[in-house]
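Q: Let us read one structure together, feature by feature. Where do we begin?

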Amino acid sequence: MNYIIGAFKPPCDISITFSDARTRKQVSVKKDNGKTTMVPVFQSLETISGEVSIAPVPGKRIEHTGVKIELLGQIELYFDRGNFYDFTSLVRELDIPGEIYERKTFPFEFSTVEMPYESYNGTNVRLRYILKVTIGRNYVGNIVEYRDFCVRNYSPVPTINNSIKMEVGIEDCLHIEFEYSKSKYHLNDVIIGKIYFLLVRIKIKNMELEIRRRESTGSGSNTYVETETLAKFELMDGAPVRGESIPVRLFLTPYELTPTYRNINNKFSVKYYLNLVLVDEEDRRYFKQQEITMYRLQESPPAS
């Protein structure tokens, strides 16, 4: 628990519970200390409600200047760690100034909350949603408690989803065409395509397909770009011949992917690329990269 009351034992126990905690889907998220915890999942325009319970230590009373709960959407850039940019901030007053002698429970509700961005925990940036309860006090520090939750937003199947056709070549040595069936994929999709060898005059040792995530944070001189290879899939081992075609079939479900995020609150972007890599017998590498769009498709309910 998070308390700001010096080095003394907290005078009360605060718990925040969601009204539909037993039935709502949960996902695991990594906390600041590296441990994982299960949190409930919401989507934009849902109502978030529940209860706050405050239980003083037996024999103690809490004098306070008011109790409030806030719903916050925050972005933290790791090069500016500790500074949170609030893009969503809602508050509900739970109690007027007074004293708490025994356990007290306060219901709360945030109706149809607009949460336009998904929760994200990246290499250099974190976007999170929290409930924050504050017990205000005059002469000593406030008592504060946090409860995380996750936001995931879903997209319909794109009405336009063009195929990708590209060429890769080294003059008079190598000419390859590759084709992927579409350019937009949901997180549990399958990448299907074909690679055609039109000219092969160098000795290719092997060929693989990579999925890369590129995270850009900040702006101007404070722009940081991190590229991470999430998957490597061997397409071919051995030398191809002219006229040969290699099928591509890569399932995305095993990999920890997110949707594509473009310029989230002017703070960060996350993009995905398919990277075709060819290695010759002298270990020289040739590659061609193509951006793809990832989206989160609404999960179908289980069959009854």
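Q: In what order do the strands of the open sheet run?
A: Strands are DSSP runs (E, at least two residues), numbered from the N terminus. Two strands pair if DSSP finds at least two bridges between them. In this predicted model, four strands form an open sheet in the order β13-β14-β16-β19, and the pairing is antiparallel. β13 (164-170) and β19 (245-251) are the edge strands, each pairing on one side only. From one strand to the next, the twist averages 20° (axes are lines fitted to C-alpha atoms; angles run from 0 to 180 degrees between N-to-C directions).

Q: How many bridges join β13 to β14?
A: Seven bridges link β13 to β14 (residues 174-180), and the two run antiparallel. I170 has L174 in β14 as its bridge partner.

Q: How many disulfides does the structure hold?
A: A disulfide is a covalent bond between the sulfur atoms of two cysteines. Here the criterion is a pair of cysteine sulfur atoms within 2.5 Å. The structure holds zero.

Q: Are C12 and C150 buried or exposed?
A: Buried means under 20% relative accessible area, exposed over 50%, partly exposed in between (1.4 Å probe, protein chains only). C12 has a relative accessible area of 3%, so C12 is buried. C150 is buried too, at 6%.

Q: What conventions apply?
A: Residues are numbered from 1 along each chain as its sequence is written, and side-chain values use heavy atoms, with hydrogens and water left out. Local features need pLDDT of at least 70, side-chain atom pairs count only at pLDDT 80 or more, and totals for chains, interfaces and linings use all residues.
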